[in-house]
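Okay, thanks for coming, everyone. I'd like to walk you through one structure today, so please have a look at it while I talk.

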Amino acid sequence: MKIKQQKQIQAFLVEEFGKNRGSRVFVEQENVFRDLIDGTKGKSENQMKTLAQTILPRIALYKALLKNDFSEEDVYACVRKYMLEKVAAKKHASTAKMEIVPGFYTIYSKIFLKIMRTTDLQESTQSSGKNYYDVTITKCLWHTACVENGCPELCRLFCDVDDVTYGGLKKIGFTRTKTLGYGGDCCDFHFLKK
């Protein structure tokens, strides 16, 4: 399976550390990534696809950096930079671009809620009204993967990506008071029509 994110991670590491060191860290990241894939059991096909394409490459990046001579604080800061400046910024730009579609809020909310009702990536409840929709997530594959792979602190960065993705949009407002990644009993997403 070809993982697009691997190319992005490789480019980020070379940009951060130069060609030689960045390439060495990337080789380590690829090895950790393969080990994580091989060690993941008991997941559905959909869960494995999401793990392989989005979650485990980032966990592997974190673990590969920890294996090098970086402090834990520097590793977290580096992965945070990748997650916010590369991943989240791209997701935000894509979502903001879609806002030009007439009826964007209605279309987006219906699709979002349908996905949340049918996916096996989270366990959640949903509610909606004319100008809002709420999703309360009590179990999440991102959180589970971080915990199962011994890096629960990394899940906070996945939560932070949501804040950037949905922050500053023109047609949708977004708030949340707690997340599983930050130690809450749930993630309480609240979206509203602007």
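Let's start with H5: its 15 residues should span 21 Å at 1.5 Å a residue, and its end C-alpha atoms are 21 Å apart, so the two agree. The expected span here is 1.5 Å times one less than the number of residues in the helix. When I say helix, I mean a DSSP run of H or I with at least four residues, and a strand is a run of E with at least two, all numbered from the N terminus.

Before I go on, a word on where this comes from: it's a predicted model, local features need pLDDT of at least 70, side-chain atom pairs count only at pLDDT 80 or more, and totals for chains, interfaces and linings use all residues. Residues are numbered from 1 along each chain as its sequence is written, and side-chain values use heavy atoms, with hydrogens and water left out.

Back to H5. Which of its residues are buried? They are Phe104, Tyr105, Tyr108, Ser109, Phe112, Leu113 and Met116. They sit on the same side of H5, because they cover an arc of only 140 degrees around the axis; that arc is taken from the directions from the helix axis to the C-beta atoms. Buried, by the way, is under 20% relative accessible area, exposed is over 50%, and partly exposed is in between, with a 1.4 Å probe and protein chains only.

**The strands**

Some of those partners pair with each other. S1 (residues 122–129) and S2 (residues 132–140) run antiparallel and are joined by eight bridges, and a hairpin of two residues connects S1 to S2. Two strands pair if DSSP finds at least two bridges between them.

**The aromatics**

Now keep Tyr133 and Phe191 in mind. Both belong to one aromatic cluster, together with Phe104, Tyr105, Tyr108, Phe112, Tyr166, Phe174 and Phe189. One more thing at Phe189: Arg176 lies over its face, 5.0 Å from the ring centre. The rule for a charge over a ring is NZ of Lys or CZ of Arg within 6 Å of the ring centre and within 35 degrees of the ring normal.

How many aromatic pairs does the structure hold? There are 15. One of them is Phe12 with Tyr82, a tilted pair at 5.2 Å centre to centre and 55 degrees between the planes. That pair links distant parts of the chain, with Phe12 in helix H1 (residues 4–17) and Tyr82 in helix H4 (residues 72–98), 70 residues apart. Phe12 is buried, at 1% relative accessible area, and Tyr82 is buried too, at 0%.

Then there's Tyr108 with Tyr166: the ring centres are 6.4 Å apart and the planes are at 70 degrees, so this pair is edge-to-face. It links H5 (residues 104–118), which holds Tyr108, to H7 (residues 155–166), which holds Tyr166, 58 residues apart. For the cut-offs, rings of Phe, Tyr and Trp (its six-membered ring) pair if their centres lie within 6.5 Å; planes under 30 degrees apart are stacked, over 60 edge-to-face, and the rest tilted. Tyr108 is buried at 16%, and Tyr166 at 10%.

**One last stop: Cys159**

Cys159 is in helix H7 as well. Is Cys159 buried or exposed? Buried, with a relative accessible area of 6%. Leaving aside neighbours within four places in sequence, Cys159 is in contact with Arg176, Thr179, Gly181 and Tyr182.

Definitions and conventions:
Contact = heavy atoms within 4.5 Å.
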